[in-house]
Amino acid sequence: MRIDFVSDVSCPWCAIGLKSLEQALARMPELQVDLHFQPFELNPQMAAEGEEINAHLARKYGAAPVQLAQTRETIRQRGAELGFTFTKGARDRIYNTFDAHRLLHWAELQGGHFQRDLKLALLKAYFTEGQNPSSHEVLLKAAGEVGLDAQAAASVLSTNQFEEEVRQAESFWQAQGIQSVPAIVINQRHLISGGQPPEVFEQALRQIAAAG
């Protein structure tokens, strides 16, 4: 079974969706899964210095402070249930994530679990530790933590390597109708949207697997 997980490292619901999906897959050890992380930028025009999170969300979604606080608490609780920590106040800015997607593209080419491990490391760096996922220092630290070659990763980031590939992938998924993330595409045919509970992922995956 091929799973394309379309997401952004600055998306809290993507962290929830990934942890939920992994819990669902753990309940189905008989299922052979080929997991790929696909790029999606929530804020492709974001400047390098980023933007203060409350101002950004208010401008983008028209959300009032009370709404934002309620949503954050919901996200924090969902994360805690799944074993992922959203640290209160850690995410005070939103950043451009294009270089993170370039590094994730490169990580997939290294084989094994590198791409998945780097994805989780970057989600943790941003949401748990409050680090800047556009910072090359942060990206290289995460790459090293998951066992990737730090020197090779630095070479990727210091050039425009994989820029075209990431742009093409982003365009492809948008052309498929993906306008929000996480979007989990099964066998290039079935779409599961949002940070669903593990039970929802499990039921859907079992049905798709049974249908062949």
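Strand 1 (residues 2-7) and strand 2 (residues 34-39) pair in the parallel sense over six bridges, where helices (H or I, at least four residues) and strands (E, at least two) are DSSP runs numbered from the N terminus, and two strands pair if DSSP finds at least two bridges between them. The model is a predicted one, in which local features need pLDDT of at least 70 and side-chain atom pairs count only at pLDDT 80 or more, while totals for chains, interfaces and linings use all residues. Residues are numbered from 1 along each chain as its sequence is written, and side-chain values use heavy atoms, with hydrogens and water left out.

Strand 1, helix 1 (residues 12-26) and strand 2 together make a right-handed β-α-β unit; a crossover is right-handed if, with the strands pointing away from the viewer, the path from the first strand over the helix to the second runs clockwise. Strand 1 also pairs with strand 5 (residues 183-186), here in the antiparallel sense and over four bridges. In strand 5, Val185 is the bridge partner of Asp4, and Ile186 is the bridge partner of Ile3. Five of the six residues of strand 1 are buried, so this strand is largely enclosed by the rest of the structure; buried means under 20% relative accessible area, exposed over 50%, and partly exposed in between, with a 1.4 Å probe and protein chains only.

Strand 5 is in turn joined by four bridges to strand 6 (residues 190-193), and these two strands run antiparallel. Ser193 in strand 6 is the bridge partner of Ala183. The hairpin of strand 5 and strand 6 has three residues between the strands, and in this hairpin Asn187 takes a positive phi near 50°. From strand 5, Ala183 and Val185 point one way and Ile184 and Ile186 the other way, yet all are buried.

Pro182 lies in the loop between helix 8 (163-175) and strand 5, and is buried, with a relative accessible area of 1%. When its neighbours within four places in sequence are left aside, Pro182 is in contact (heavy atoms within 4.5 Å) with a set of residues that includes Phe5, Val6, Cys11, Trp13, Cys14 and Ile192. Between Pro182 and Gln23, which are 159 residues apart in sequence, the distance in space is 16 Å, C-alpha to C-alpha. Cys11 is itself buried, with a relative accessible area of 3%, and Cys14 counts as buried at 1% relative accessibility. A disulfide is a covalent bond between the sulfur atoms of two cysteines. The structure holds zero disulfides, the criterion being a pair of cysteine sulfur atoms within 2.5 Å.

Attention now turns to the helices. The 18 residues of helix 3 (residues 65-82) should span 26 Å at 1.5 Å a residue, and its end C-alpha atoms are 26 Å apart, which agrees; the expected span of a helix is 1.5 Å times one less than its number of residues. In helix 3, Leu68, Ile75, Arg78, Gly79 and Leu82 are buried. These residues cover an arc of only 100° around the axis, which puts them on the same side of helix 3, the arc being that of the directions from the helix axis to the C-beta atoms. On the other side of helix 3, Pro65, Val66, Gln70, Ala80 and Glu81 are exposed. The buried residues of helix 3 pack against helix 1, helix 2 (53-61) and helix 9 (198-211). Just after helix 3, Gly83 takes a positive phi of about 85°.

Phe86 is found in the loop between helix 3 and strand 4 (93-94), and is buried, with a relative accessible area of 10%. Not counting residues up to four places away in sequence, Phe86 touches Pro12, Ala15, Ile16, Ile75, Arg76, Gly79 and Phe127.

Helix 4 (residues 98-109) has 12 residues and reaches 17 Å from its first C-alpha to its last, close to the 16 Å expected at 1.5 Å a residue. Its buried residues are Phe98, Ala100, His101, Arg102, Leu103, Leu104, Trp106 and Ala107, and what covers them includes strand 1, strand 2, helix 5 (114-128), helix 6 (136-145), helix 7 (150-157) and helix 8. Helix 4 is followed by Gly111, whose phi is positive, near 80°.
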